[in-house]
Every structure is written in structure tokens, then in C-alpha cells.
Amino acid sequence: MTENDLKVFVDAVTHYFSHLTREPATIRAAYLADGGAAPVLQYTGRIDVSGRLRGSVHFSARRPMLFDLLREAQEPDTSEDNLLDAVGEIANTIAGNARRHFGSALDISVPVTANGAGVTNGVRARPFVIQLRWGGHDGLVVVDLEATAG
């Protein structure tokens, strides 16, 4: 993954928040995670990727951020199911933008969501972590992708 490849994910995050809320997310940091599992917050949505790249992209946030995002989308239902749907939709949007960049040789799955740990599956020893802030809330995008042979 090149710096330009990672910029696709940064741009996807800022575009998502700008489009939905008219307030772009601020990127606080982008770094390689230390060894071990990639960081997660309270709710996480993961999209598995195959084809030219393999691995996953996940978005993770705490309940208050998701409440505020649902409110911005004029969605009154803040049930557990809807919070999980929201975090999965964000992960799906980010991965979908990446697919447009990398081309049709990149296949993405439906979102896998969870409240708590348990949705990550690492292919890289040190995945890329993008820390963001929106509306006073912190969130994470973890890009855990590697090129496949061929």
C-alpha cells in the first residue's frame, strides 16, 4: 500500500462525514499499529476485501458518535440494531470508495458488525490506523490490506 492508496481511505472518511453532516471529520493521526490486534472502540463494522488486495477495512466508534450521526441523518431509531447498522454502513461506504479507486478487481463483502471486540482479522503484522475526530467524538479506520500475488 502506497501513501496515495492510504489517501483514498482518508478522503473517503472526510467525504462521508462532510456529505452526511456538512462537517468533515478531522484526521488526527495516521500510523502503523504496533504488533498485536488492531485497535477498536465500542462499535465496529468490518468489510472483508479480496481480489487484487486481501484483508479488511474497519470503522470503529463509540455510542455517542453513532447517536449524533443518526441524529444528523434524521434517524430517530437509536436501538442497538440501528447503531450496528450505522457502523456497518460507514465501513461499507469507506470500502466502496476504495473499490472505485482500486477497480473492479477488488471484491468487498457485506459488513460484519459488533458491539465490543471480535470483528478484526489481521493479515498485516502492523495495519494502518487512521484516527479521526468529528463533532467532539473520536473514531478509527483500520486498513488491514495487502496485495495478493498475481
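## Strand 3 and its partners

In strand 3, Gly 55 is the bridge partner of Val 49. This comes from a predicted model. Strand 2, residues 43–51, pairs with strand 3 in the antiparallel sense, and seven bridges join them. The two strands form a hairpin, with one residue between them.

Strand 3 also pairs with strand 7, residues 137–147, again in the antiparallel sense, here over nine bridges. Phe 59 stands opposite Val 141 of strand 7. Strand 3 covers residues 53–61, and eight of its nine residues are buried, so the strand is largely enclosed by the rest of the structure.

## Helix 1 against helix 2

Two packed helices are described by the angle between their axes and by the distance between those axes. For helix 1 (residues 3–21) and helix 2, the axes come within 9 Å and cross at roughly 50°. Angles from 65 to 115 degrees count as roughly perpendicular, those under 35 as roughly parallel and those over 145 as roughly antiparallel; helix 1 and helix 2 are therefore oblique to each other.

Helix 1 contributes Phe 17, Leu 20 and Thr 21 to the contact, and helix 2 contributes Met 65, Leu 69 and Glu 72. By class, the residues of this contact divide into four nonpolar, one polar and one charged.

## Helix 2 against helix 3

Helix 2 (residues 63–72) also packs with helix 3 (residues 80–102): their axes come within 10 Å and cross at roughly 85°. Helix 2 and helix 3 are therefore roughly perpendicular to each other.

On the helix 2 side, the residues in contact are Arg 63, Leu 66, Phe 67, Leu 69 and Leu 70. They meet Glu 80, Asn 82, Leu 83, Ala 86, Val 87 and Ile 90 of helix 3. The residues of this contact divide into eight nonpolar, one polar and two charged. Leu 69 is listed in the contact with helix 1 and in the contact with helix 3.

Where does Ala 98 lie? Ala 98 is part of helix 3. Its relative accessibility is 2%, and because buried means under 20%, Ala 98 counts as buried.

Leaving aside neighbours within four places in sequence, Ala 98 is in contact with Val 8, Phe 9 and Leu 106. Ala 98 and Val 57 are 41 residues apart in sequence, with a C-alpha to C-alpha separation of 9.7 Å.

## Aromatic pairs

How many aromatic pairs does a search of the whole structure find? The search finds four. One of them joins Phe 9 and Phe 102, with 6.4 Å centre to centre and 35° between the planes, a tilted arrangement. This pair links distant parts of the chain, with Phe 9 in helix 1 and Phe 102 in helix 3, 93 residues apart. Phe 9 counts as buried at 1% relative accessibility, and Phe 102 is buried with a relative accessible area of 7%.

Tyr 16 and Phe 17 form an edge-to-face pair, with 5.5 Å centre to centre and 85° between the planes. Tyr 16 counts as buried at 10% relative accessibility, as does Phe 17 at 1%. Tyr 16 and Phe 17 belong to one aromatic cluster with Phe 59 and Trp 134. Within this cluster, Phe 17 also takes part in the contact of helix 1 with helix 2, while Phe 59 is the residue opposite Val 141 of strand 7.

Key. Residues numbered from 1 in each chain as written. Predicted model: local features only at pLDDT ≥ 70, side-chain atom pairs only at ≥ 80, totals over all residues. Heavy atoms only, no water. Axes fitted to C-alpha atoms, helices over the stretch in contact; angles between N-to-C directions. Helix = DSSP H or I, 4+ residues; strand = E, 2+ residues; numbered from the N terminus. Contact = heavy atoms within 4.5 Å. Nonpolar A, V, L, I, M, F, W, Y, C, P; charged D, E, K, R; others polar. Buried < 20%, exposed > 50% of the residue type's maximum accessible area, 1.4 Å probe, protein only. Pairing = 2+ DSSP bridges. Phe/Tyr/Trp six-rings, centres within 6.5 Å; stacked < 30°, edge-to-face > 60°.
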